[in-house]
Amino acid sequence: MLSFIIRRLGIAIPTLLILVIFSFSMMHLAPGGPFTSERPLPPQVLANIEAKYGLDQPVYVQMGNYIWGIVTEFDFGPSFRFKDRTVNDVIAQGFPVTLTYGFWSFVVAVGVGVTLGAAAAIYHNSWLDYLAVGISIGAQVLPNFVMAPILVLTLTLWLGLLPGGGWNGGQWQYLIMPVIALSTSYMASIARITRSSMLEVLNSNFIRTARAKGLSNSRIIIKHALKPTMLPVISYLGPAFVGMVTGSVVIDLYFSTGGIGQMFVNSALSRDYSVMMGITILMGSLVIIFNMIVDILYAWIDPKIRL
Amino acid sequence: MSMVPNTDRIKRMADNLASMEPVKGRSLWQDAMHRFLQNKAAVTSVIVLTLVVLFSLIGPYFAVWTNEEIDWSRIGKAAELGAPSIANGHFFGIDNLGRDLYSRVIQGTQVSLMVGLIGAGIAVIVGTLYGATAGYFGGRVDSVMMRLVDILMSIPYMFVLILLLVVFGRSLQMLFVGIGLISWLDMSRIVRGQTLSIKNKEFVEAAVATGVPSFTIIVRHIVPNLMGVVVVYATLLVPGMIITESFISFLGLGVQEPNTSWGALISEGAGTIAYGTIWQLLVPLFFFVITLFSFFFIGDGLRDALDPKDR
Amino acid sequence: MKFSPILRSSVLALGVASLALMGTSAYAAKVPEGVVLAEDQTFTYRDLDEFSSLDPQIVEDVSGSAIIRDLFEGLLNEDADGNLVPGVAERWEASDDKMTYTFYLRDNAKWSNGDPVTANDFVYAWRRAADPETASPYSWYMDLMSIENVADVLSGDKEPVALGVRAVDDLTLEVKLTTPLSYFPQMVTHATTFPTHQATIEKYGDEWTKPENIVSNGAYTLAEHVPNERSVRVRNPLYWNDAETVIEKTTALIINDENAALTRYLAGELDRTEVPTGQYPRLKEEYPDQALSFPRLCSYYYTFNLSDSGPEAFKDVRVRQALSYAIDRSVITDNVLQGGQFPAFTFTPGSTAGFEVPDVPFGQMTQAERDAKAVELLAEAGYGPDNPLRFDMIYNTSEGHKQIATVMSQMWKQKLGVEATLGNMEWKVFLETRGAQDFELARGAWCGDYNEASTFLDLVQTNSGYNDGKYSNSEIDQLLADAKTGGDATANYTRIEQIMAEEMPVIPIYHYTGVYMMNPQIVDSWPVQNVQQNWYSRDLYKVAK
C-alpha cells in the first residue's frame with residue numbers, strides 16, 4: 001500500500017506541473033491584463049505596477065519564479081485585484097467555505113443516494129422502486145442553476161424559513177440550501193448506480209447460496225451484498241467530486257457564500273493571474289488526492305485488485 | 001401405449017419438414033432490437049425525441065414571428081401582455097424584450113441538440129480510437145496513454161473551459177471544441193477496458209496470425225465489437241453535454257445573441273420567476289427535461305437490450 | 001432640461017471665489033424636529049462585487065469609495081444636495097487667480113488611535129497618491145487636479161516631495177495649481193485625497209487595512225471584513241462630530257445576482273438594493289414608498305470609430321446622423337429600462353451642477369420626423385434596403401447592455417435595413433478592444449468625477465486619453481481650453497454640445513438614474529439629490545416604524 005501511495009504521489013508532481021504550465025500559458029494568452037482599465041494609467045505608474053508584480057519579465061521567467069515561490073515558501077504570490085491581500089489570504093478565506101458545504105453535499109449525496117438506490121433494488125418493482133427511479137431521474141435533469149433560485153424563492157421569500165444567502169461563519173441555516181442545490185443531481189446518479197449494481201449483486205450466485213443457507217435478509221444485505229454493490233459507486237465518486245467542484249461556482253453565485261468557485265470565475269474575468277493559478281493548483285491537487293483515496297477504497301473492497 | 005411407431009404421424013412430420021421454410025437465423029442485433037422494442041419506456045422516449053426533432057425542423061413554418069424580431073407593442077410588458085396566446089401569434093409567450101418565445105425555443109432546440117450530438121460525436125470518435133489503440137497495444141503504450149488520460153482527468157474541466165473561452169473568445173465553434181476536448185476522456189477509459197477483453201478472443205488471434213496490420217485489426221475487428229458499449233455510453237453522454245452547455249450559457253460564456261440555447265433561455269427564465277412571467281422558464285425547461293429524460297431512457301434501454309446480464 | 005432650484009444654488013456655492021465661511025450648524029445627521037428614531041440604528045445594503053481595496057490612495061471602485069467615505073474623512077464633504085460642507089477643513093480660501101488654495105483644518109479631528117489629524121497627514125497622502133512607487137490605479141486623478149509638478153512626479157522625473165502641496169503649519173494646508181480651476185474644492189471630496197496615517201502604513205505595509213491594524217479618521221471604524229461576503233463598520237466615538245452620528249453600524253453584503261438581492265431585500269435582510277432592469281414600474285406599484293428613482297451623474301452612449309481603422313461609412317456625417325436619429329430613445333427608457341431614465345440627445349446630463357441641457361434640432365423633432373429624416377440621410381449617403389449598411393457593434397457582457405443593443409439593432413433593421421452584428425465580450429477584453437480602436441461601434445458610459453460639465457465634455461477633446469473613437473475638432477478643443485481659464489463657461493459648453501449634435505461623433509442614448517429599493521425607515525435621510533451619490537452613513541438615520 002505504501003508503495004502504491006508513493007507511486008501515485010510520484011505521478012501527481014508531473015501532473016501538477018503540466019497543469020501549472022498549461023494554465024499559466026493560457027492566462028497570459030488572454031487579451032486584457034489585470035491593470036487594463038477604463039482610465040488608463042500614466043506610463044510610469046503602469047511600469048511600476050508591472051515591476052511590482054513581475055509582469056515586465058518574459059512569461060517563462062515569471063512561471064519559473066512562480067513555481068519556485070511555491071516550492072520553497074508555499075507562497076502563491078500577491079493578488080492583482082485585491083491590492084492588500086495575498087493569494088494565500090484569499091484562498092484561506094474561500095476554501096473552508098467550499099470545503100464545508102462540499103463535504104456535507106457529498107455526505108448527503110452518498111448517504112441518501114445509496115439508501116434510496118438500495119431500497120429500490122431490495123423492493124424491486126414495487127411502488128418504492130418506481131418512486132425512487134422517478135425522483136432520481138427527475139433530480140438529475142434539473143440543473144442546479146434552476147434549483148437555486150427556486151429554493152431561495154420558496155424557502156426564503158414565501159416561507160421565510162431560511163436566510164437567502166451569505167455564509168456567516170457557516171452556521172447550519174446558511175448551509176441547508178447550498179447543500180440541497182449541490183447534492184441533488186449527484187444523489188440521483190448515485191441512487192441509480194446503486195440500484196442497478198445492487199440488482200445485479202442480489203441476483204448473483206453467492207447471494208443465492210447465502211439465501212439457501214437460510215441467512216436473514218438484512219444480514220445478507222449488510223454483510224454480503226453491500227460491499228460489492230459499492231464498487232461502481234466508488235468509481236463514480238471521482239467524477240462526482242470533480243463535478244461538485246465545478247458546480248460550486250453556481251452555488252457561490254446564487255447564495256453569495258464566497259467560496260472558491262466564484263473566486264475563480266471572478267479572477268478569470270479580472271485577470272487576477274495569481275489567484276487563478278492558486279485555485280487551479282489547489283483544485284487539481286484535491287482531485288488527485290481524492291482519486292487516490294477512491295482507488296485505495298476500491299482495492300480494499302475488491303480483493304481481486306491488488307495495489 | 002403402443003410401441004409401434006405411428007407411421008401417419010411420422011409421415012406428416014416428414015411432409016412438414018420438407019415444406020417448411022428454412023429457419024431464419026436471428027443475428028445478435030436483431031435480438032437486441034427485439035429486446036429494446038419490448039422496453040416501453042425506451043420506445044416512448046424514441047417517439048418523444050423524434051417529435052422534438054421534428055418540432056425543431058418543422059416548427060418554423062408555423063411561426064408568426066422570427067426569433068429576433070421585437071414586438072414593440074409588448075416590449076417591457078411581459079408580465080401583463082406577454083403570456084402565451086394563439087391569438088397574437090406568440091404561442092409560447094414573449095421574453096422580456098418582446099421577442100417571440102416560440103421561435104426562440106425552436107432555435108434554442110436546434111442549437112442545444114447540435115451541441116449534444118456533436119459533442120457526443122467527438123467524444124465517440126476520439127475516445128474510441130484512443131482507447132482501442134491503448135487497449136490493443138497494451139504494455140508500455142497502454143500505460144503511457146492511460147496515464148495521460150488520468151492526468152487530463154484530474155484537471156477540473158470547468159476551469160479549462162472558462163480559460164479557453166476567455167482566451168479564444170466566445171463562438172459556437174469554440175464551445176464544440178471545448179466540450180469535445182473534455183468528453184472523450186471517459187469514453188477512452190471505457191473503450192480501453194472493453195478492448196482488453198476483446199483482444200483475447202480467437203478471431204483477433206486469427207487476424208494477427210494471418211498478418212493483418214495492427215491498425216486494420218483495430219478498425220475492422222475491434223471497433224465494430226465495441227459498438228454496443230460505445231453506443232450506450234454515447235447516448236448517456238448527450239444529456240451531459242447539454243447540461244454542460246447550459247451551465248456555460250448561464251455563466252454568460254456560451255452562444256451569442258441573437259442566437260440562443262436552452263441553457264440561455266432557462267437561466268434567463270430562472271431569473272424572472274418572481275416577476276410573473278413563469279412561462280419564460282417553464283417552456284424551455286419542459287423541452288430540456290423531456291429531451292434529457294428521453295436520452296436517459298434510450299441509453300438504459302440500449303444497455304439492457306445489448307447486454308441482458310447487465311440489467 | 002431644467003432641474004430643481006436646489007441644484008442651481010449649488011452652482012452658486014461653487015462659484016464663490018473668496019472666503020467661504022461656513023455656519024456652525026451640524027454637518028451630520030440632521031434629524032428634523034418631532035421625528036421619532038427607531039430602536040435599531042443599523043444599515044445593511046448590497047454591493048455587487050468585492051471592492052478592490054480599503055486604502056484611500058488605491059481604491060478605484062464605487063463600492064470601495066463608499067466604505068472609505070465612512071472610515072476616513074477628507075478636507076471637505078458633500079451634503080445631501082451635493083453642496084460642499086466642511087470636513088477636516090473648517091474653511092478654505094482661494095487666491096484671486098484661482099491657482100492657490102489654502103485649507104484651514106479644525107483642531108479637534110482625531111485618528112481612531114487618538115492621534116490628532118494634521119495637515120502633514122494630507123501632504124503624506126497626496127504625495128503617496130502621486131508616487132509611482134505606490135502604483136495607485138487612481139493616480140491620474142491627481143493629474144486631473146492639476147497640482148504643481150504632478151506630471152513630473154507621476155513620470156518619476158521628480159521626487160514626490162516636489163508636489164505642489166505643503167503644510168504651512170499643523171492646521172494649514174496650501175495647494176498650488178498649474179491651471180486655474182474654480183471647481184478645485186469639489187475635487188477634494190474624492191477618496192483619493194483622504195488622509196492616511198503614516199506610522200500605521202509604515203508599520204504594517206500592505207496589511208494595514210486589515211480590521212486589526214487599520215487606523216482611520218472617519219465617523220466609523222472597520223469592525224469586520226470577510227472578503228467576498230461582508231464588511232462591517234461601527235461608530236467611532238473619537239470622531240469630532242460623533243455627537244451627531246445616529247447610525248451605529250453599517251454592513252455591506254456582497255451579492256452578485258441582482259434578482260437574488262431583490263429576493264433577500266423583500267425578505268427583510270437588506271435595507272437597500274438595486275432594482276433589476278425593467279422591474280421598477282411593478283415594484284413602484286407594489287411598494288410605492290420603497291422604490292426610488294433619481295437622477296445620476298452618468299451618460300450612456302455608443303461611440304463611432306472615426307480613426308483610420310474605422311469603417312468608411314462612419315466617416316460620412318450623414319450616416320452617423322441617420323443612425324442616431326433612427327433610435328427611439330423613449331422605447332429604451334420607457335420599455336426596456338423602465339427606471340425613469342432620461343432620453344439623451346446631448347452628452348452631458350442635465351443633473352450636472354450649473355449645466356442646462358441645450359435644445360438641439362434633432363431633439364426637438366418627433367420620432368416619426370426623425371425616422372423619416374434618417375431614411376433620407378442614409379439614402380443620400382448611398383445606403384438602403386438594396387445596399388444595406390453593415391457593421392459590428394460591441395458591448396461588455398451584461399444583461400442590460402445586451403437588451404439595449406438588441407433593441408437598437410432591431411430598430412435599425414426595421415427602419416433602415418441596416419444589419420448590425422452584435423458582439424459582447426467581457427470587461428477587460430472590451431476595454432482593450434475599444435482602447436486599441438479595434439472596433440466599429442462600441443458602447444460607452446461615463447460618470448462624472450466631479451460635478452461640473454467639463455468632466456464629460458473633456459472626453460471629446462482631441463488628446464483625451466478616453467477619446468477611444470479618436471474624434472477631433474479644433475473648435476471644440478479651443479472652447480474647452482477657454483472654459484478652464486475664463487469665468488462663465490456655459491456658453492462654451494452649449495456651443496460644444498451643439499457641435500456634437502451636428503457632427504454626431506457619439507450617439508447619446510440616455511442619462512442615468514439611480515433606481516433602488518430602500519427601506520422606508522431610511523428613505524427620509526437618503527441624499528436623493530446628490531447626483532454623484534456620495535452618501536455618508538453619518539448623515540443617515542432610521543425612523544421608527
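**Interfaces and disulfide of a predicted assembly**

A search of the whole structure finds one disulfide over all chains, a disulfide being a pair of cysteine sulfur atoms within 2.5 Å. The link joins Cys298(C) to Cys447(C), with an S to S distance of 2.0 Å. The angle about the S-S bond is 105 degrees, and the link of Cys298(C) and Cys447(C) is right-handed. Distant parts of the chain are linked by this pair: Cys298(C) lies in strand E12 (residues 291-304) of chain C and Cys447(C) in strand E16 (residues 441-447) of chain C, 149 residues apart. Helices (H or I, at least four residues) and strands (E, at least two) are DSSP runs, numbered from the N terminus.

The model is predicted; local features need pLDDT of at least 70, side-chain atom pairs count only at pLDDT 80 or more, and totals for chains, interfaces and linings use all residues. Residues are numbered from 1 along each chain as its sequence is written, chains are lettered from A and ligands numbered from 1 in the order in which they are written, and side-chain values use heavy atoms, with hydrogens and water left out.

Chain A contains 11 helices and zero strands. Its C-alpha trace spans about 85 × 55 × 30 Å along the principal axes.

In the interface of chain A and chain C, 43 residues of chain A are in contact with 51 residues of chain C, where contact means heavy atoms within 4.5 Å. About 4000 Å² is buried between chain A and chain C, 53% of it on carbon and sulfur atoms. Buried area is the accessible area (1.4 Å probe) that two parts lose on being put together, summed over both. The rule finds one salt bridge across this interface, defined as a side-chain nitrogen of Lys or Arg within 4 Å of a carboxyl oxygen of Asp or Glu. The salt bridge is formed by the side chains of Asp89(A) and Lys210(C), at 3.6 Å from N to O. On the side of chain A that touches chain C, two or more residues each come from helix H2 (43-53), helix H4 (87-122), helix H6 (144-158), helix H9 (217-255) and helix H10 (260-269) of chain A. By class, that side of chain A has 18 nonpolar, 17 polar and eight charged residues. Ala, Val, Leu, Ile, Met, Phe, Trp, Tyr, Cys and Pro count as nonpolar, Asp, Glu, Lys and Arg as charged, and the others, Gly among them, as polar.

Chain C also meets chain B, with 24 residues of chain C in contact with 18 residues of chain B. The area buried between chain C and chain B is about 1800 Å², and carbon and sulfur atoms give 49% of it. One salt bridge is found across the interface of chain C and chain B; the side chains of Lys402(C) and Glu268(B) meet in it, at 3.1 Å from N to O. Elements giving two or more residues to the side of chain C that touches chain B are helix H8 (258-266), helix H11 (329-337), helix H14 (399-416) and strand E15 (419-425) of chain C. Of these, H14(C) gives the most, with nine residues. The side of chain C that touches chain B has nine nonpolar, 10 polar and five charged residues.

Chain B has a mean pLDDT of 80, and 91% of its residues reach 70 or more; pLDDT is the predictor's confidence in each residue, from 0 to 100.
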